[in-house]
Amino acid sequence: MEEDHLVLPLSRPAPGAMGKTGTWRNYKPVIDQGKCIKCLLCWLYCPEATIIRHEDNSVSVDYEYCKGCGICANECPVKAIEMVPEVQGGA
Amino acid sequence: MIEEYRFHGRGGQGAVTAARLLVGAAHREGRYGQAFPHFGAERRGAPVVAFARISDRPIRVHEQVREPDVVVVLDPTLFKLVNVLEGLREGGVLVVNSKEDPGIQGPYKVFIVDATGIALSLGLRVAGWPVVNTSILGAVVKATGSVSLDSVVDEIKSNWPGRMGEANAQAAKLAYEKAVRVR
Amino acid sequence: MPRKILTGNHTVAEAVKLARVQVIAAYPITPQTTIVEKLAEMVEHGEIEAKMIRVESEHSALAAVYGAAAGGARAFTATSSHGLLYMHEVVWWAAASRLPLVMAVVTRAIGPPWNIHVSHEDIMDQRDTGWIISMAEDNQEVLDLVLQAFRISEDERVYLPAMVGLDGFLLSHTAMPVDVPEQEVVDSWLPPRLPRPYVIEPGSGVIMGNIPPDEAFYRMRHSMQRAMYNAKRVIEEVDEEYYKMTGRRYGGLVEFYRCDDAKYVVVLMGTWAGNAKEAADRLRERGIPVGVARIRYVRPFPRERLREKLLGMKGVMVFDRSVSMGRGGPLHAEVVEALEAKPSIMGVVAGVGGVDVGVRDFEKLVEDFVKKVEEEGRVYVNDYWYGV
């Protein structure tokens with residue numbers, strides 16, 4: 001009769017509830033820091049919150065969880081992000 | 001012993017309200033009651049039916065009244081449209097809003113009252129229609145003696161506080177005085 | 001305790017007010033409409049401190065109160081027939097979310113053809129959703145069941161939403177005396193809802209409706225089932241507590257009327273139980289020992305209580321006001337299972353679509369059944385349609 005049998009359809013947000021999703025990637029976003037204008041569009045649009053924003057508004061990628069969807073590369077107005085195949089010659 | 005009432009009116013004449021006021025009056029006397037419409041969509045002007053039950057004990061029966069002890073007719077033109085006598089028990093009471101004897105044949109006690117005239121004399125109109133349900137209740141009290149006129153008057157006043165309630169209560173009192181048995 | 005003359009629908013509104021409900025959303029549908037009308041009036045006049053959320057459909061109505069309940073509010077909605085079917089997706093969602101909620105269901109037939117009269121097909125369609133489902137016999141019980149529904153739904157052993165069924169027109173539009181408890185009395189028994197089992201609020205993220213592993217889903221369903229079984233005990237406890245407060249008790253999951261010395265019992269639920277009781281009294285005057293087992297809760301189903309009382313009966317007659325097409329009356333099927341078909345059992349489908357079934361109808365049907373059992377020994381009739 002205790003509450004401990006109660007199983008709720010809820011979860012608390014935490015990184016990587018489904019494991020290291022970076023392993024799902026076929027293409028990986030590679031940022032050319034020389035071209036980047038720090039507009040933060042990639043950071044804003046990333047659906048998985050895997051673009052890391054640094055104090056000076058420069059950005060990098062959390063490859064442990066980035067699934068390689070390519071949205072950041074698509075949104076980048078100066079084409080500073082290139083999607084590079086994870087397996088050379090494959091995919 | 002449960003007394004069963006059936007009210008015949010037209011949609012908008014307040015047959016359901018009459019049934020509820022009657023039950024409210026009985027409740028004031030420490031009795032039990034049940035008031036309900038004929039189950040169906042109601043349209044203004046169409047013939048409608050409402051029911052009431054009154055008893056000294058709590059009422060647990062929930063079915064339409066099939067053999068009423070009392071039938072109340074709010075509009076005499078309904079005689080042409082529906083059989084208002086259907087199921088009325090032998091020795092039962094019929095109360096009709098009418099100036100004239102409706103000429104009913106059968107083993108019933110028939111009372112008439114000009115509820116429309118009383119309502120109009122007191123300015124009781126809603127959307128152009130005379131409000132006859134409160135005056136007819138006065139006649140029901142006279143015909144059946146089941147509840148007292150005071151209880152009906154109190155129930156009416158508590159339903160419509162102020163001038164409206166006073167006029168409706170007056171209608172019930174006038175109808176009580178003027179109702180006559182014609183059969 | 002003041003006694004008022006109230007229709008069933010206005011009784012629901014009085015109970016919602018007494019329960020200090022904080023959020024109400026409902027969409028009008030006959031014969032439920034006067035519940036939401038009365039509540040809107042109460043909110044407008046400041047008689048109840050609740051937010052009334054206007055919605056464009058029943059699906060949204062339940063979704064809105066579901067959201068309110070997730071935010072920690074005590075919430076209420078009401079519907080009927082097609083409205084209940086339209087919200088059906090959210091009915092499941094609310095139960096599996098384990099949120100306390102109360103909904104009044106004014107039972108009505110489902111079209112086509114169009115019919116606004118009493119039938120239990122709408123509420124019986126909800127049996128598998130995980131809601132506690134109760135049915136009232138009269139307006140007094142409507143008030144009592146609505147108040148109790150909040151207690152049961154918010155109990156930590158339960159955390160499931162609760163439906164209170166009242167028969168369309170037979171109760172919803174019938175005025176009868178109702179003892180309305182004082183606000184202070186209800187307050188002392190029904191304190192404000194606690195923020196349990198969880199509350200969504202700004203600043204603390206919670207994910208609802210995500211995709212768990214299948215095994216977790218399975219465990220959640222099992223957890224709901226456990227809660228339903230717990231509810232059996234909670235319902236009986238609440239019935240007793242309520243008795244201490246008001247002097248009224250009904251017997252918990254099922255009310256047994258004159259069953260102790262009966263040989264034949266009528267099983268049914270809702271308003272027409274009053275007619276069956278009256279018929280039982282009349283049959284007893286003629287020497288036929290009849291009782292009535294009135295199902296008050298369809299879910300959780302009072303299986304054990306029925307077995308305790310009815311296994312030794314000579315004959316049991318089950319009246320359903322709905323039908324499971326291709327099988328028969330749903331209550332009948334459950335009673336046959338609970339009693340392992342040991343007594344003679346007859347299932348009758350009647351009153352569907354508002355067909356009036358009165359005292360004399362019960363008297364005749366029960367008498368015929370008794371005669372048949374006495375003559376033939378054992379009788380099994382699965383699906384008898386009366387008067388067709």
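In the predicted model, the side chains of T107(C) and D167(C) are joined by a polar contact of 2.8 Å (a pair of N or O atoms within 3.5 Å; within protein, one must be able to donate a hydrogen and the other to accept it, and residues adjacent in sequence count only if both atoms are side-chain atoms). T107(C) belongs to strand β5 of chain C, residues 102-107 (strands are DSSP runs of E with at least two residues, numbered from the N terminus). T107(C) is buried, at a relative accessible area of 0% (buried means under 20%, with a 1.4 Å probe and protein chains only). Residues touched by T107(C), leaving out those up to four places away in sequence, include H117(C), H120(C), M135(C) and L166(C) (contact means heavy atoms within 4.5 Å).

Two cavities of 30 Å³ or more are found in the structure (a cavity is a set of points, on a 1 Å grid over the protein atoms alone, where a 1.4 Å probe fits but cannot get out; lining residues have an atom within 4 Å of a point). The largest cavity holds about 110 Å³ of space, the volume being that filled by probe spheres set on the points. Among its 14 lining residues, C46(A), T50(A), C66(A), C69(A) and C72(A) lie nearest the centre. The second largest cavity, of about 90 Å³, is lined by 13 residues.

Residues are numbered from 1 along each chain as its sequence is written, and chains are lettered from A in the order in which they are written. Local features need pLDDT of at least 70 and side-chain atom pairs pLDDT 80 or more, whereas totals for chains, interfaces and linings use all residues; side-chain values use heavy atoms, without hydrogens and water.

Key:
Helices (H or I, at least four residues) and strands (E, at least two) are DSSP runs, numbered from the N terminus. Buried means under 20% relative accessible area, exposed over 50%, partly exposed in between (1.4 Å probe, protein chains only). On a 1 Å grid over the protein atoms alone, a cavity is a set of points where a 1.4 Å probe fits but cannot get out, and a pocket is an open set with protein on both sides within 12 Å along at least five of seven lines; lining residues have an atom within 4 Å of a point.
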